[in-house]
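Please keep the sequence and the structure in view while reading.

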Amino acid sequence: MTLEQSIYHHSIATPDKVAAVCGTDSITYSQLWSSITKRAEELKSEGVLPNRPYVFRSTQDIGFVVTYCAVHHIGAIAVPMEQKATDEYFNTISAEVSACEFEEDIVDILSDLIHKFPTTKTHL
C-alpha cells in the first residue's frame, strides 16, 4: 500500500483523526486527502504528467506533504529540492530534470523499489 492509499483509507475510516502536525498547524485525514486531490488537479492543470518529474521546494510544512503526495497521486515523479536552493540552481535543476527521458520500465523499477521499502512512519 502506498502512502497515498493509506491516507485515502484513513480519510474514510477515521476522517477526523489528526494525520499530521507541523508546529502549531495540524490536519485531519479527511482534510489531508481533500487537499491532496485538490493539489493533484492543480498540478495536472499546470501540465504535470504521469512518469514525468516535478521539481519543487522542500518546505517544513503541511503544504510540502500535500504537494509530495499529490505528485505521486497523479503518477508523476516527485523531485523535492532544498528550500534554500537559489532560484538559479533551482531553475537549472528543473530544466535538466525536465529534459531527461524516463523510460517507463525505469519508472516501474523505481516504483517497485519504493513499494518494497515503504516508510512505516511519516513525521514532519
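In this predicted model, Glu4, Ile7, Tyr8, His10 and Ser11 of helix H1 are in contact with Tyr29, Ser30, Leu32, Trp33 and Ile36 of helix H2. Sorted by class, the residues of this contact of H1 with H2 comprise 6 nonpolar, 3 polar and 1 charged. The axes of H1 and H2 come within 8 Å and cross at roughly 130°, and the two helices are therefore oblique to each other. The crossing in which H1 passes H2 is left-handed.

Helix H2, which spans residues 29-45, also packs against helix H3. Here the axes come within 8 Å and cross at roughly 60°, which makes H2 oblique to H3. The crossing of H2 past H3 is right-handed. On the H2 side the contact is made by Leu32, Trp33, Ser35, Ile36, Thr37, Arg39, Ala40 and Leu43, and on the H3 side by Val65, Val66, Thr67, Cys69, Ala70, Val71 and His73. By class, this contact of H2 with H3 contains 10 nonpolar, 4 polar and 1 charged residues.

The remaining pairing to describe joins H1 and H3. Helix H1 (residues 3-13) and helix H3 (residues 62-73) pack with their axes 9 Å apart, at an angle of about 105°, which makes H1 roughly perpendicular to H3. In this contact, Leu3, Glu4 and Ile7 of H1 meet Cys69, His72 and His73 of H3, and the residues concerned divide into 3 nonpolar, 2 polar and 1 charged.

The table sets out the axis geometry of these pairings.

| Helix pair | Axis separation | Angle |
|---|---|---|
| H1 and H2 | within 8 Å | roughly 130° |
| H2 and H3 | within 8 Å | roughly 60° |
| H1 and H3 | 9 Å | about 105° |

Several positions in H3 can be examined individually. The side chain of threonine 67 makes a polar contact, at 3.3 Å, with the side chain of arginine 39. When neighbours within four places in sequence are left aside, threonine 67 is in contact with Arg39, Leu43, Tyr54 and Phe56. Among these partners, Arg39 and Leu43 belong to the H2 residues that form the contact with H3.

Alanine 70 also has its place in helix H3, and at 0% relative accessibility this residue counts as buried. Which residues does alanine 70 touch, not counting those up to four places away in sequence? The partners of alanine 70 are Ile36, Arg39, Ala40 and Leu43.

Glycine 63, another position found in helix H3, is partly exposed, with a relative accessible area of 38%. The C-alpha atom of glycine 63 is separated by 10.0 Å from that of cysteine 22, a residue 41 positions away along the chain.

Conventions:
Residues are numbered from 1 along each chain as its sequence is written. This is a predicted model: local features need pLDDT of at least 70, side-chain atom pairs count only at pLDDT 80 or more; totals for chains, interfaces and linings use all residues. Side-chain values use heavy atoms; hydrogens and water are left out. Axes are lines fitted to C-alpha atoms, for helices over the stretch in contact, and angles run from 0 to 180 degrees between N-to-C directions. Helices (H or I, at least four residues) and strands (E, at least two) are DSSP runs, numbered from the N terminus. Angles under 35 degrees count as roughly parallel, over 145 as roughly antiparallel, 65 to 115 as roughly perpendicular and the rest as oblique. Contact means heavy atoms within 4.5 Å. Ala, Val, Leu, Ile, Met, Phe, Trp, Tyr, Cys and Pro count as nonpolar, Asp, Glu, Lys and Arg as charged, and the others, Gly among them, as polar. Buried means under 20% relative accessible area, exposed over 50%, partly exposed in between (1.4 Å probe, protein chains only). A polar contact is a pair of N or O atoms within 3.5 Å; within protein, one must be able to donate a hydrogen and the other to accept it, and residues adjacent in sequence count only if both atoms are side-chain atoms. A crossing is left-handed if the near helix is turned anticlockwise from the far one by less than a right angle, and right-handed if clockwise.
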